[in-house]
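Please keep the sequence and the structure in view while reading.

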Amino acid sequence: MKKILLILSIIFILLTFVGAIYVLTSNGTANPGYAVIPMVIALTCLSGYRTYKNKEK
């Protein structure tokens, strides 16, 4: 479970950057949610990863 959460967080971090680049290149006409939603999911996955990591200690 720990590895899955880490991989998902990396994927969603990359999607955040892609979404941010898309919003910036569209001169602000695109919805900023393209960058914000993956960021929220990435933060959730990272917090779950840290929780599982701390349980092992």
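The paragraphs below move from the overall form of the chain to individual residues.

The model is a predicted one. Its protein chain contains 2 helices and 0 strands. Helix H1 covers residues 2–25, and helix H2 covers residues 33–55.

The overall dimensions may be considered next. Along the principal axes, the C-alpha atoms of the protein chain fill a box of roughly 45 × 15 × 10 Å. The radius of gyration of the protein chain is 14 Å, whereas a compact globule of 57 residues would have a value near 10 Å. Among contacts in the protein chain with a separation of 6 or more, 58% are made by residues 24 or more positions apart.

The surface and the interior can also be described for the chain as a whole. Of the 57 residues, 25% count as buried. The protein chain exposes about 4,400 Å², and 72% of this area is supplied by carbon and sulfur atoms.

Is Thr16 buried or exposed? Its relative accessible area is 15%, and because buried means under 20%, Thr16 counts as buried. Which residues does Thr16 contact, leaving aside its neighbours within four places in sequence? They are Ala35, Pro38 and Met39. For Met39 there is a further detail: the side chain of Thr16 reaches the backbone nitrogen of Met39 at 3.1 Å.

Met39 also belongs to a feature of the surface. Together with Val36, Ile37, Val40, Ile41 and Leu43, Met39 makes a nonpolar surface patch of about 500 Å². Val40, one of the residues of this patch, lies in helix H2. The relative accessible area of Val40 is 44%; this value falls between the limits of 20% and 50%, and Val40 is therefore partly exposed.

Another residue of helix H2 is Gly48. With a relative accessible area of 18%, Gly48 is buried, because this value is under the limit of 20%. Gly48 and Ile11 are 37 residues apart along the chain, and their C-alpha atoms are separated by 15 Å.

Taken together, these details link the two parts of the description.

Conventions:
Residues are numbered from 1 along each chain as its sequence is written. This is a predicted model: local features need pLDDT of at least 70, side-chain atom pairs count only at pLDDT 80 or more; totals for chains, interfaces and linings use all residues. Side-chain values use heavy atoms; hydrogens and water are left out. Helices (H or I, at least four residues) and strands (E, at least two) are DSSP runs, numbered from the N terminus. Buried means under 20% relative accessible area, exposed over 50%, partly exposed in between (1.4 Å probe, protein chains only). A polar contact is a pair of N or O atoms within 3.5 Å; within protein, one must be able to donate a hydrogen and the other to accept it, and residues adjacent in sequence count only if both atoms are side-chain atoms. Contact means heavy atoms within 4.5 Å. Patches are made of residues with over 30% relative accessible area and no salt bridge: like charges are joined within 9 Å, nonpolar side chains (Val, Leu, Ile, Met, Phe, Trp, Tyr) within 5 Å. Accessible areas come from the Shrake-Rupley method with a 1.4 Å probe; for residues, only the protein chains shown count as cover. A salt bridge is a side-chain nitrogen of Lys or Arg within 4 Å of a carboxyl oxygen of Asp or Glu. The radius of gyration is taken over C-alpha atoms; the globule rule is 2.2 Å times the number of residues to the power 0.38.
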